[in-house]
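Student: Hi! Could we go through this structure together, one piece at a time?

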Amino acid sequence: MRYSVVIPVYNRPDEVDELLQSLTAQHFKDFEVIVVEDGSSVSCDGVVKRYTGRLNIKYFSKPNSGPGQTRNYGAERCEGEYLIILDSDVILPEGYFDAVEK
């Protein structure tokens, strides 16, 4: 596994959906996605389930502890050679991983 993408999220299922959609459009596919729900009252579990099979994706839910601890929680569960942390409101252009590889 080349990259691990960690997405900490708190009450933002619509944003996570847009980000995951942009990840499915990547040409480079050697990455995993780790979504970590940080004690949200509005879960994105259903959104993540829709991308199972289209992305190498894992979903974790934990009590609220803030973005820093949530990023670390996700990083501890990664298998990739490199770590990329993305906030839930990010939308990646199609060639993002191609550019990172260069």
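Tutor: Let's begin with a term: two strands pair if DSSP finds at least two bridges between them. Helices (H or I, at least four residues) and strands (E, at least two) are DSSP runs, numbered from the N terminus. Also, this is a predicted model, where local features need pLDDT of at least 70, side-chain atom pairs count only at pLDDT 80 or more, and totals for chains, interfaces and linings use all residues. Residues are numbered from 1 along each chain as its sequence is written, and side-chain values use heavy atoms, with hydrogens and water left out.

Student: Got it. How many bridges are there between β2 and strand β3, and in which sense do they pair?

Tutor: Six bridges, in the parallel sense, with β3 covering residues 57-62. As one example, Glu 37 has Ser 61 of β3 as its bridge partner.

Student: And what about β1 and β2?

Tutor: Those run parallel too, joined by seven bridges, and β2 spans residues 31-38. Look for Val 5, which stands opposite Val 33 in β2, and for Ile 7, whose bridge partner in β2 is Val 35.

Student: Which sense do β1 and strand β4 pair in?

Tutor: Parallel, over four bridges, with β4 at residues 82-85. There, Ser 4 sits opposite Leu 83.

Student: How does the chain get from one strand to the next?

Tutor: β1, α1 and β2 form a right-handed β-α-β unit. Another right-handed unit is made by β2, α2 and β3. Right-handed here means that, with the strands pointing away from the viewer, the path from the first strand over the helix to the second runs clockwise.

Student: How many residues of β1 are buried?

Tutor: Seven of its seven. Buried means under 20% relative accessible area, exposed is over 50%, and partly exposed is in between (1.4 Å probe, protein chains only). Both faces are covered: Tyr 3, Val 5, Ile 7 and Val 9 lie on one side, with Ser 4, Val 6 and Pro 8 on the other.

Student: And β2, how many there?

Tutor: Eight of its eight residues are buried. Phe 31, Val 33, Val 35 and Glu 37 point one way, while Glu 32, Ile 34, Val 36 and Asp 38 point the other.

Student: New topic! Which residues touch the most other members of the largest nonpolar core?

Tutor: Leu 20, Leu 23, Val 33 and Phe 97, out of 22 residues in that core. The elements giving it two or more residues are β1, α1, β2 and α2 (45-51). A nonpolar core is a set of buried Ala, Val, Leu, Ile, Met, Phe, Trp, Tyr and Cys residues joined through side-chain atoms within 4.5 Å.

Student: Tell me about Leu 20. Where is it?

Tutor: Leu 20 is in helix α1, and it counts as buried at 0% relative accessibility. Leaving aside neighbours within four places in sequence, Leu 20 is in contact (heavy atoms within 4.5 Å) with Ile 7, Val 33, Val 47, Val 48, Tyr 51, Leu 55 and Ile 57.

Student: What about serines? Is Ser 22 buried or exposed?

Tutor: Buried, with a relative accessible area of 7%. Ser 22 is in helix α1, and a polar atom of its side chain lies 2.7 Å from the backbone oxygen of Leu 19.

Student: And where does Ser 88 lie?

Tutor: In the loop between β4 and α4 (96-101). Ser 88 is buried as well, at 8% relative accessible area. Its side chain makes a polar contact of 2.9 Å with the side chain of Glu 15. A polar contact is a pair of N or O atoms within 3.5 Å; within protein, one must be able to donate a hydrogen and the other to accept it, and residues adjacent in sequence count only if both atoms are side-chain atoms.

Student: Last one: how many disulfides are there?

Tutor: Zero, by the rule that a disulfide is a pair of cysteine sulfur atoms within 2.5 Å.
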